[in-house]
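Have the sequence and the 3D view open as you read.

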Amino acid sequence: MKMKLLSRAGFAGLFICAAALFAACSESNTATETTVVVETTVSEVAYPVTAGGITLDAQPMRIVSLSPTHTEMLYAIGAGDQVVAVDEYSNFPAEAVALGTKLSGYEPNVESIAGYEPDLVVISYDPGNLVEQLNALDIPVYIGNGASSLEQAYEQIEQLGALTGHLDVAVQLTSQMQTDIDAAVAASSASATAMGEPITYFYELDNTYYTVTSNTFVGQIFKLFGLENIADGVEEGNDYPQLSSEVIVSSNPTMIFLADTKCCAQTPETVSVREGWQKMDAVVNKNIVQLDDDIASRWGPRVVELVKSISDALALVAAGN
Amino acid sequence: MLRATDNFAPRAGTRVAYLSLVSFALLTIAVLVGTMIGPAGPQWWRVPIELANRLPLITVDSGVSPEEWNIVWQIRMPRVVLAVLVGAMLSVAGASYQGVFRNPLVDPYLLGVAAGAGLGATLVFTLRRSATENWLIDPLPLAAFVGGLVAVFATYMIGNTFSKARSSATLVLAGIAVTSLTTAVQTFVLQRNNDVVRQVYSWILGRLSSATWGDVRLILPYVVFSCGVLLMHRRLLDVLRVGDDEATALGMNIRRVRLTVVLAATLGTAAAVAVSGLIGFVGIIVPHTVRLIVGSSYRRVLPMSILCGAIFLVLADIPSRILADPAETPIGVVTAFFGAPFFLLLLRVRKNQA
């Protein structure tokens, strides 16, 4: 009896010792590499460079991008040759697709990422400890959270420009974007005022009527044109509400923007056969605009194309009246 | 003197010691294999050589570069160690719950710890966007831990309010009620913040891919303490097997034992869930398999569950890493794939036994 107890105690003790040994052996690595210093240094391409909260000692030549938006930004500022791997959803530009890599930004496999020996990893959100794990391998990580305004989008482009050594191209790009957007908005202000009353719109995220309010990045772009979103104020505190069909039909928006053409195969035809939607102004006047899901959900350089789509659609609406 | 009856031959002690040794050896092998296999890093056969090299008195050239070793040590090792801890904890908690509730289909999430932790995690994800970016302590494991404990506390309070006898059936029903309520609240919160749905879903599926040494240090004390307490009570669980009335007649305070076991198991499970999400099936498959090998006595089932649970999760983490390379397969999916055929097998074995 005593022997058995001893052996049991010995076994338990051994297990506890092993566990303690594991813990003791683990290297204490709580280094927090990211200093919260947000400054875009407008200097020459001289390293080290600090931007977006990280510091790089040399120009990064092996960039891994896990964010489709930032992939577009990187290629637009001329850093495309420095990119070695992108994630599975980076489907623009064609050079990024040609890389043939399919990393995951949502369920990142840190070992695979590290296998590319990157000297900079660009992400748009941290699914859990990713920054900490990459920092433990001494890999700097740039986090570009979802922009909530055009200014933030420009800031991210310029930060990436500073980090990759293409700041001048980045600054040029953002000012060009600004000019193009301003021009498109100005050209449409005539169309908007020609209507008399403010134009209302419904922005469709998916075919179960999830939509966005004007507080979101996309919503703010529509606001530039003076368009009114029927989802504003519908549900306090929720920027991505799900509207019911009745609410949409009774609001009778002038325009409908479909951002679910790729994901859910929605077209003006499918919209016009929905129950109760046939008499809506937008359906009758055929003011249903198909947007590219990707362009409408990213905050990169192709935002200009979104703006131009809206501007063109507005011109049609005005012409139709 | 309480003696649990067991139905083994007189040389049971030796057989169990032998099985423990084999399990321990298997665990060591599993840990080694787990450290060797991965989508990047050094070639698999170099890893044990480098491990030997890192031991104090041995120097051997393994051809592994410091960067490659960094991947193994900083990324893979914490994963494997976490798999050992979480696998062991979930298995022993599952076995203990099965003992307390005298029901073989019980898993450690029965009393609502999973739903509570899920709600805690959801709340953190919805708030995290603005409020908690620069907190010193990572709020996610904390919220999941607290959420799990609060849910079980609520279950216990409800169970006690509605039944003076504090029978196990009432507790189970209370657990279902609390789970349903917490899940409903979680769904509501998610619906109002559906930009974080993907992150929450990913957390719920359970993952070891975000394991760091910090996570290991975080849950080690809870797991060790919890396993220790449960191991101390394993003979008492055997006594509980004979029934409430008989156990009381034998001089055992069933309310106290039940409370202690449930508390310890919940504490450990909440800690495990806090860092790894909701990994399912481990708490059911492993205790059952262990019973098939060593019999139903909790004196043997609990320690063996610890070892076998660790082995199971370490091995399950390997396909999780390499199946969808370069993405991750959530480990909950891998264990679920094992779960379905396992239950079919169990049905077949029981059918043959009957």
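## Two interfaces, step by step

Across the interface of domain 1 of chain A and domain 2 of chain A, the rule finds two salt bridges (a side-chain nitrogen of Lys or Arg within 4 Å of a carboxyl oxygen of Asp or Glu). This is a predicted model, where local features need pLDDT of at least 70, side-chain atom pairs count only at pLDDT 80 or more, and totals for chains, interfaces and linings use all residues. Residues are numbered from 1 along each chain as its sequence is written, chains are lettered from A and ligands numbered from 1 in the order in which they are written, and side-chain values use heavy atoms, with hydrogens and water left out.

So where are those domains? Chain A splits into domain 1 (2-165) and domain 2 (174-319), with bounds from an automatic or database domain assignment. Domain 1 of chain A brings 22 residues to the contact and domain 2 of chain A brings 15, contact meaning heavy atoms within 4.5 Å. Glu72(A), Leu150(A) and Tyr154(A) supply 36% of the area that domain 1 of chain A buries against domain 2 of chain A, more than any other three residues. Glu72(A) also forms a salt bridge with Arg302(A), with the closest N and O atoms 2.9 Å apart.

Now for chain A against chain B. This contact takes 43 residues from chain A and 43 residues from chain B. There are two salt bridges between chain A and chain B. In a salt bridge, the side chains of Arg76(B) and Glu111(A) meet at 2.8 Å, N to O. On the side of chain A that touches chain B, H1(A) gives the largest share, nine residues.

Here are the buried areas, meaning the accessible area (1.4 Å probe) that two parts lose on being put together, summed over both:

| Interface | Buried area | Share from carbon and sulfur atoms |
|---|---|---|
| Domain 1 of chain A and domain 2 of chain A | about 1,500 Å² | 63% |
| Chain A and chain B | about 4,200 Å² | 56% |

And chain B on its own? The C-alpha atoms of chain B fill a box of roughly 65 × 60 × 40 Å, taken along the principal axes. With 354 residues, a compact globule would have a radius of gyration near 20 Å, and the 21 Å of chain B agrees; the radius is taken over C-alpha atoms, and the globule rule is 2.2 Å times the number of residues to the power 0.38.

Conventions
Helix = DSSP H or I, 4+ residues; strand = E, 2+ residues; numbered from the N terminus.
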